[in-house]
Amino acid sequence: MCASHMTQGRNIELKIPMASKGVVPKDRPDRWVVNVMSNGTVYSRAQPVTIEELKAEVASRVKQNPTQKIYLRADADARHREIKRVMSAMAEAGIDDFIFGVFTPGGGEAPAP
């Protein structure tokens, strides 16, 4: 199943992982969206970026907003090492607050808390 949405960064089509439980956090709208495709390509919002570009962007965003939060959407077929690589790069630049996009049966796409 593919999910696509109109908000910037969430309009990239991904096969969202299934989860039996998922909760939509109240603060989701202000989160910066990072997408990891099945082939490992990373998008910051709707723009493809390298890991180094992502790390630089994260550092810049954290400087502007120390409480910046991330909505990480990864394709269900993305390799775990690619997702870990993205998370590590963002953590090195100062981001430690992530929520993950999942598909809940009957509920659509919802970030996991």
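Some ground rules. Residues are numbered from 1 along each chain as its sequence is written, and side-chain values use heavy atoms, with hydrogens and water left out. Because the model is predicted, local features need pLDDT of at least 70, side-chain atom pairs count only at pLDDT 80 or more, and totals for chains, interfaces and linings use all residues.

Confidence comes next. pLDDT is the predictor's confidence in each residue, from 0 to 100. The protein averages 78, and 67% of the residues score at least 70. Strand E3 (residues 47-49) has the highest confidence, at a mean of 95. Strand E6 (residues 108-112) has the lowest, at 53. Residues 1-8 stay under 50. Where pLDDT is low, the predicted coordinates should not be read in detail.

Now the layout. The protein has 2 helices and 6 strands. These are DSSP runs, numbered from the N terminus: helices are H or I with at least four residues, strands are E with at least two. Along the sequence the pattern reads β-β-β-α-β-α-β-β. Of the 113 residues, 43% count as buried. Buried means under 20% relative accessible area, exposed over 50%, and partly exposed in between, with a 1.4 Å probe and protein chains only.

Look at strand E1, residues 32-36. What does E1 pair with? E4, in the parallel sense over 5 bridges, and strand E2 (residues 42-44), in the antiparallel sense over 3 bridges. Two strands pair if DSSP finds at least two bridges between them. On the E4 side, Val-34 stands opposite Leu-72, and Val-36 stands opposite Ala-74. On the E2 side, Asn-35 has Tyr-43 as its bridge partner. E1 and E2 form a hairpin with 5 residues between them. In that turn, Gly-40 has a positive phi of about 95°.

E1 is largely enclosed by the rest of the structure, because 5 of its 5 residues are buried. Trp-32, Val-34 and Val-36 are on one side, with Val-33 and Asn-35 on the other. In a regular strand the side chains alternate between the two faces of the sheet.

E4 is covered on both faces too. Ile-70, Leu-72 and Ala-74 sit on one side, Tyr-71 and Arg-73 on the other, and all are buried. Why does Arg-73 count as buried? Because its relative accessibility is 0%. The side chain of Arg-73 makes a polar contact of 2.8 Å with that of Asn-35. A polar contact is a pair of N or O atoms within 3.5 Å; within protein, one must be able to donate a hydrogen and the other to accept it, and residues adjacent in sequence count only if both atoms are side-chain atoms.

On to the core. A nonpolar core is a set of buried Ala, Val, Leu, Ile, Met, Phe, Trp, Tyr and Cys residues joined through side-chain atoms within 4.5 Å. The largest has 20 residues. Val-34, Leu-54, Val-58, Ile-70, Val-86 and Met-90 have the most contacts inside it. E1, H1, E4 and helix H2 (80-92) each give two or more residues to this core. A second, separate core of 5 residues includes Leu-14, Ile-16, Met-37 and Tyr-43.

Take Leu-54. Not counting residues up to four places away in sequence, Leu-54 touches several residues, among them Trp-32, Val-34, Val-86 and Met-90. Contact means heavy atoms within 4.5 Å.

Last, Glu-53, in helix H1 (residues 51-64). Glu-53 counts as partly exposed because its relative accessibility is 44%.
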